[in-house]
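Welcome, and please load the model in your viewer. We will go from stop to stop, selecting a few residues each time.

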Amino acid sequence: MEESKKVYWKGMGQLTNHPEFVKNAQHEFAQPGPEEDLGHSRRDFLKMMGFGMSAVALAACEAPVRQAIPHVIKPDDMEPSIPNYYASTYTNGGDYCSILVKTREGRPIKIEGNALSGVTKGGVSAQVEASVLSLYDNDRLRGPKKGNDRISWEDLDKEVSAQLAEIAGKGGQIRILSNTILSPSTKAVIERFRAKYPTAQHIQYDQTSHYGMVKANEESFGSPTIPSYDFSKASVIVGVGADFLGTWLSPIEFTRQYGETRAVSENKREMSRHYQFESILSITGANADYRTMIKPSEEGAVVVQLYNLIAAKAGRGAVSGGVEKQYLAKAAEDLWASRGKALVVAGSNDKAIQILVNGINDMLGSYGTTINPALTVNYRQGNDQAMTSLVNDLESGFVQGIVIYNCNPVYDHPLGAKIAAALKNVPLSVSTNIKADETGSLAKYQAPDHHFLESWNDSEPKKNHFSLTQPTITPIFKSRAAQSSFLSWAGESQTDYFEFVKNNWRSRFTGAGGFQAFWDQCLYDGVYELPVEAQSVAFNGDVNGAATAISNNYKTGQWELVVYENGSVGNGSQANNPLLQELPDPITKAVWDHYVTVAPKDAVADGDKIKFAESHTKYAIITV
């Protein structure tokens, strides 16, 4: 059946034209039945028990009297009811966005994109916009804790520093665990800490790993990095399981680029063509010109087949394997006809698949045009091998001290259960997480970091592309910058992280009008970007070995499960944010639910439950 003739239904009710569906067809979302109607909506529930009550309590918890007294001398930059805007940066692990924060009477109320950024170009996502609400999260820690008891920062510093010194003095191993860190100043702080405690090592991991891409690029080009992709320069785009408009790598950046290449105007009469091969209907697949459904086990075979089709045109030898799929041959024809303006991306974390994708892009002349190998990105620096080694070291008792820096591996890492069990036996464990989450609650000490809207920091999402984070509100609770904690535990005399960031920039950059003028301008703009010298690369990947690995590792089964990242809730770090939970999925329109989608012919009765993993007790409602 041709793609243009396909019809999609919201459910069995629409397919069978059920009278109940017809009755409520004018409603965008399904209405509850009489037995489900409690007389209140989800929004009413949020107003009573959710973040609404939390925000009211937090807004007045710190200094209600001070706010009630008029200014004797009013600040020059504050006018009642007139908002102020501050350029800042949103980072959540490797997720990045340059932003403008709208404040009113000293309170952040809205986040918008910063158009001066050469990376995100004014773009923003639901997670970025909703993050302002997490500032007022009632689950945030009010201050440092030892176990379940409150402790002063002075006492915490003394105890943690003494135990770190004792561990290091005996040659014991110390680890710092974090998600991807985009901040060069934060990395410099960690190096100060490691200089004080030579046995300390820093391990980074990502909730959604891209380590396969890093290893594939290392084998293909000799550089363990990820290059920049530019969809705006592509006339033909092929995606294999890569939801680059929703969740893959840098969706804010890619969405802006994709919009440019798809736009048609008086000066641009042609739009790009987009082929998507995927197992679920993603927001990227919904925008494609040609979309083909594939099984998860066929993802590698599709890439092999595409490689062979392109190799035949390029005069190169074929590799073993491959599978014929609708539109695959047409995609290869279009790619070859648009050499130099073509781009192929895959969402797999399999090194073998990524090596073949690199080989395809090499034959198409994409490197230096739609792919910039000189402009490397820092979004995903997680090392899966190092993380696995850390878990083994924790279980064996090799690690004597661990600092968990703003990450939650017990919740979001596949080996989270092992980490939870092992943490109980580590003599010293410290968490800087802002909440007592699944990991932080297991730490012996909790030293809560500021929320990013209360913080100073910097970022380098891409090579030579820098941005600054500045506080837009005085810290609501008795939190402290995690970097200041590291400096204090390292015995540094200067623990003010603002001064550290500023001095780090002073040592790295110079401005024509003096550093202070340069710093003020960067703080005003929010970004500072330098050019990157072009470089050529030569592909040396073992495509035959990659094809063999694919054929050995991927086997078709009767039932195959696709686990994917939700574009609204993302990696789960903001899973308790009602703005995100209340946001309908763009494809299914589902809110607040965990669900499994299956084909109607395979489905059982609506409302039945299935168990999808023997090792878990989670169940999901089947939807059709």
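**Before you select anything**

This is a predicted model, in which local features need pLDDT of at least 70, side-chain atom pairs count only at pLDDT 80 or more, and totals for chains, interfaces and linings use all residues. Residues are numbered from 1 along each chain as its sequence is written, and side-chain values use heavy atoms, with hydrogens and water left out.

**Stop 1: the whole chain**

Colour by secondary structure: the protein chain has 22 helices and 22 strands. Helices (H or I, at least four residues) and strands (E, at least two) are DSSP runs, numbered from the N terminus. Of the 624 residues, 47% count as buried; buried means under 20% relative accessible area, exposed over 50%, and partly exposed in between (1.4 Å probe, protein chains only). Contact means heavy atoms within 4.5 Å. Among contacts between residues at least 6 apart in sequence, 68% join residues at least 24 apart.

**Stop 2: α7 and α18**

Select residues 153-169 for α7 and 482-489 for α18; their axes come within 9 Å and cross at roughly 55 degrees. That makes α7 oblique to α18. Axes here are lines fitted to C-alpha atoms, for helices over the stretch in contact, and angles run from 0 to 180 degrees between N-to-C directions. Angles under 35 degrees count as roughly parallel, over 145 as roughly antiparallel, 65 to 115 as roughly perpendicular and the rest as oblique.

Now show side chains: Trp153, Leu156, Asp157, Val160, Ser161 and Leu164 of α7 touch Ser485, Ser488 and Trp489 of α18. By class, this contact has five nonpolar, three polar and one charged residues.

How many residues of α18 are buried? Eight of its eight residues are, so this helix is mostly covered. Just after α18, pick Gly491, which takes a positive phi of about 80 degrees.

**Stop 3**

Select Gly171 in the loop between α7 and β6 (173-178). Gly171 is partly exposed, with a relative accessible area of 41%. For a distance label, pair Gly171 with Tyr197: the two are 26 residues apart along the chain, and their C-alpha atoms are separated by 9.4 Å.

**Stop 4**

Move to Leu182, in the loop between β6 and α8 (184-196). Leu182 is buried, at 6% relative accessible area. Thr91 is 91 residues from Leu182 in sequence, and 7.8 Å from it in space, C-alpha to C-alpha. Leaving aside neighbours within four places in sequence, Leu182 has contacts including Thr91, Tyr96, Asn378, Tyr379, Asp458 and Pro461.

**Stop 5: Ser348, on the way into α14**

Zoom to Ser348 in the loop between β12 (342-346) and α14 (351-363). Is Ser348 buried or exposed? With 12% relative accessibility, Ser348 counts as buried. Its side chain reaches the backbone nitrogen of Asp350 at 2.9 Å. Beyond neighbours within four places in sequence, Ser348 is in contact with Glu299, Ile353, Gln354 and Tyr554.

**Stop 6: α14 and α21**

Ala352, Ile353, Ile355 and Leu356 in α14 meet Val543, Ala546, Ala547, Ala549 and Ile550 in α21. By class, the contact has nine nonpolar, no polar and no charged residues. Ala, Val, Leu, Ile, Met, Phe, Trp, Tyr, Cys and Pro count as nonpolar, Asp, Glu, Lys and Arg as charged, and the others, Gly among them, as polar.

Technical notes:
A polar contact is a pair of N or O atoms within 3.5 Å; within protein, one must be able to donate a hydrogen and the other to accept it, and residues adjacent in sequence count only if both atoms are side-chain atoms.
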